[in-house]
Amino acid sequence: MEDIIARMQDEKNGIPIRTVKSFLSKIPSVFSGSDIVQWMQKNLNIEDQVEALHLGTLMAAHGYFFPISDHVLMLKDDGTFYRFQTPYFWPSNCWEPENTDYGKSVCVCVCVCACVLSSSDESLARLQRAFARKWEFIFMQAEAQAKVDKKRDKIERKILDSQERAFWDVHRPVPGCVNTTEADIKKSSRMKQPHKTRKSVYGLQNDIRSQSPTHTAAPEVKEPTEDELRNQIQHWQAQLDRHRLKMSKVAESLLSFSEQYIEYDPFFTTPEPSNPWISDDVTSWELEASKEAGQQRVKRWGFCFDEVLKDPVGREQFLKFLESEFSSENLR
């Protein structure tokens, strides 16, 4: 299929790709369904129009080209506009997209478009229920992706959005359409079963029944013991009692912590005096070794009590305070 698609995209002998003017807009990089059928009959020696439509529908179902205004991937011999898929999304790349990627794509559509199709609304609600705990993080990623997409050229963004939508039409087709990425259940189960043999008086013979998954012996299911059930109950109770935080709260805490300590990080803020590791000035080491508490040093003590105890000068000052309160034994 990919060889035929490469011939279709040839600049000289391929399908003519053009930009069509529509009402108050332009549709870039498209061709009609009748162009595909005519090209197949001319270059692939296909005489029957039905055969050309069947071959084109197979290519569309695998995502090599797609209709720009429909989610049903099939070829029509009329003026319906189609667009080639980028090789990055071809099936030969063995894509196995996850539901989180699909959720992010649907959220980007919600962020970019003011109105969303009803199928996207249903998918969005279904994914939101499936990823209840991860949904806020997925939506944050989608918002960031939507901001990046808005900075692109309008025509380029329109083409990329349609190609990504067609990719998900292949891997997450609308109800009633064939999913070409699904593996045959019987074939996959047959491949997973080892080739069994049985003993005979004439030697080893292949067991005919082992070739069919319906004749394989069912594994014996052992009932769990009382101790195993008790351990499972304790495990799930511990999972229910676990303390969980939202990803947004964790991100906010991490950002506030980084902003608080950024002026003490020499990689982000130039230290005063200069860094003694990259210069000949050792004033910074002398200040650290001295027992004088500078303004920046005291400011860091206010972050938390651990900062006071980690600093020798802060620990000494705190010990003096405890001695004045007759409770210095708490620090020794």
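I take a nonpolar core to be a set of buried Ala, Val, Leu, Ile, Met, Phe, Trp, Tyr and Cys residues joined through side-chain atoms within 4.5 Å. Buried means under 20% relative accessible area, exposed means over 50%, and partly exposed is in between (1.4 Å probe, protein chains only).

**Ground rules**

I am reading a predicted model, where local features need pLDDT of at least 70, side-chain atom pairs count only at pLDDT 80 or more, and totals for chains, interfaces and linings use all residues. Residues are numbered from 1 along each chain as its sequence is written, and side-chain values use heavy atoms, with hydrogens and water left out.

**Whole chain**

I counted 14 helices and 6 strands in the chain. These are DSSP runs numbered from the N terminus: helices are H or I with at least four residues, strands are E with at least two. The chain has 332 residues, and 25% of them are buried. Contact here means heavy atoms within 4.5 Å. Of the contacts with a separation of 6 or more, 50% join residues 24 or more positions apart.

**Largest nonpolar core**

Which residues touch the most other members of the largest nonpolar core? I found Ile5, Met8, Ile36, Met40 and Phe65, out of 19 residues in this core. Helices H1 (2-8), H2 (33-43) and H3 (49-61) and strand E4 (81-84) each supply at least two residues of the core. H2 gives the largest share, 4 residues. In soluble globular proteins, nonpolar side chains tend to be buried together.

I then checked Phe65, leaving aside its neighbours within four places in sequence. Its contacts include Ile5, Phe31, Ile36, Met59, Leu75 and Phe84. Gly56, Arg83 and Gln85 are also among them.

Ser32 counts as buried because its relative accessibility is 6%. I looked for polar contacts, meaning pairs of N or O atoms within 3.5 Å; within protein, one must be able to donate a hydrogen and the other to accept it, and residues adjacent in sequence count only if both atoms are side-chain atoms. The side chain of Ser32 makes one of 3.1 Å with the side chain of Ser34. It makes another of 2.9 Å with the side chain of Asp35. Not counting residues up to four places away in sequence, Ser32 touches Arg18, Asp78, Gly79, Thr80 and Tyr82.

Asp35 sits in helix H2. Is Asp35 buried or exposed? Asp35 counts as buried, because its relative accessibility is 17%. Its C-alpha atom is 8.0 Å from that of Pro16, 19 residues apart along the chain. Beyond four places in sequence, Asp35 is in contact with Ile15 and Arg18.

**Val20**

Val20 lies in strand E1 (residues 18-22). At 17% relative accessibility, I log Val20 as buried. Val20 touches Ser25, Lys26, Ile27, Val30 and Phe81, not counting residues up to four places away in sequence.

**Positive phi**

Most residues other than glycine have a negative phi, and most peptide bonds are trans. I noted Ser29, where phi is positive, near 55 degrees. Ser29 is in strand E2 and is partly exposed, at 30% relative accessibility. Asn45 also has a positive phi, near 55 degrees. Asn45 is in the loop between H2 and H3 and is exposed, at 70%.

**Second largest pocket**

A pocket is found on a 1 Å grid over the protein atoms alone: it is an open set of points where a 1.4 Å probe fits, with protein on both sides within 12 Å along at least five of seven lines, and lining residues have an atom within 4 Å of a point. The second largest pocket has a volume of about 900 Å³. Of its 28 lining residues, Tyr264, Ser284, Glu288, Gln296 and Arg300 are the closest to its centre. A volume is the space filled by probe spheres set on the points, which are joined across faces, edges and corners.

Which helix gives the most to this lining? H12 does, with 5 residues. Helices H11 (283-289), H12 (295-301) and H13 (305-310) each supply at least two residues. I sorted the lining into 10 nonpolar, 8 polar and 10 charged residues. Here Ala, Val, Leu, Ile, Met, Phe, Trp, Tyr, Cys and Pro count as nonpolar, Asp, Glu, Lys and Arg as charged, and the others, Gly among them, as polar.
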